[in-house]
Amino acid sequence: MGGSNFGLAAACSFVAVAAVLGSLAPAAAASPEQGKRLAQSHCARCHAIEKAGDSPLTIAPPFRQLHERYAVETLEEALAEGIVTGHPDMPEFQFSASEVGDFIAFLKTLE
Ligand code: HEC
């Protein structure tokens, strides 16, 4: 009886480890440094992308405030499909899937 219980416990912890590794893998692949470079080249002329400071364009929200409005993950879809805020000052962007991951990872460093 003891033996079969041990086997079950071992099988369960294997599943748990696999689940954790599976959910961490994409996040580990994303690079906040790369995301910051994207922000610097595409967004920084209007948005503040640092932990402090005002946006160059006053009406553009500093990126560190985005997470106060919504979970930054909700931007994933918008970034992949092309953000359209309906504001004429903001051009439409379309990021690749890996760029989106990098960018979200960068936004999380600002929280
Ligand atoms: C030419 C200036 C400009 C650039 C470049 C720019 N933005 Fe914006 N962005 C704005 C302005 C202005 C607003 C405010 C729009 C509004 O509130 O109507 C805004 C708002 C936003 C919002 C908030 C939308 C919302 O509804 O909460 C996000 C997210 C955003 N920008 C992301 C980005 C990203 C990501 C980049 C770079 C890939 C970028 N922006 C580049 C001007 C810009």
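A residue counts as buried if 20 or more other C-beta atoms lie within 10 Å of its own. With that in hand, 14% of the 111 residues in this protein chain are buried. Keep in mind that you're looking at a predicted model.

**The overall layout**

The chain has five helices and zero strands, so reading from the N terminus you get α-α-α-α-α. Take the contacts between residues at least 6 apart in sequence: 53% of them join residues at least 24 apart.

Mean pLDDT for the protein chain is 79, and 70% of its residues reach 70 or more.

| Part of the chain | Mean pLDDT |
|---|---|
| Helix H1 (residues 2-29), the lowest | 51 |
| Helix H2, the highest | 94 |

**Where H2 meets H5**

Two packed helices are described by the angle between their axes and the distance between the axes. For helix H2 (residues 32-42) and helix H5 (residues 97-109), the axes come within 7 Å and cross at roughly 95°. That makes H2 roughly perpendicular to H5, because angles of 65 to 115 degrees fall in that class.

Which residues do the meeting? On the H2 side they are Pro32, Gln34, Gly35, Lys36, Leu38 and Ala39, and on the H5 side Glu99, Asp102, Phe103, Ala105, Phe106 and Thr109. Sorted by class, the contact has six nonpolar, three polar and three charged residues.

In soluble globular proteins, nonpolar side chains tend to be buried together. Here the largest nonpolar core has 11 residues: Leu38, Ala48, Ile49, Phe63, Phe95, Val100, Phe103, Ile104, Ala105, Phe106 and Leu107. H5 gives the largest share of this core, six residues.

Leaving aside its neighbours within four places in sequence, Phe103 is in contact with Gly35, Leu38, Ala39, Leu79 and Phe95. Leu38 and Phe95 are also listed in the core.

The C-alpha atoms of Gln40 and Glu50 are separated by 9.8 Å, and the two residues sit 10 residues apart along the chain.

Note on methods: Residues numbered from 1 in each chain as written. Predicted model: local features only at pLDDT ≥ 70, side-chain atom pairs only at ≥ 80, totals over all residues. Axes fitted to C-alpha atoms, helices over the stretch in contact; angles between N-to-C directions. Helix = DSSP H or I, 4+ residues; strand = E, 2+ residues; numbered from the N terminus. Parallel < 35°, antiparallel > 145°, perpendicular 65-115°, else oblique. Contact = placed C-beta atoms within 7 Å. Nonpolar A, V, L, I, M, F, W, Y, C, P; charged D, E, K, R; others polar. pLDDT = per-residue confidence, 0-100. Buried ≥ 20, exposed ≤ 12 C-beta atoms within 10 Å, placed from the backbone. Core = buried A, V, L, I, M, F, W, Y, C linked by C-beta atoms within 7 Å.
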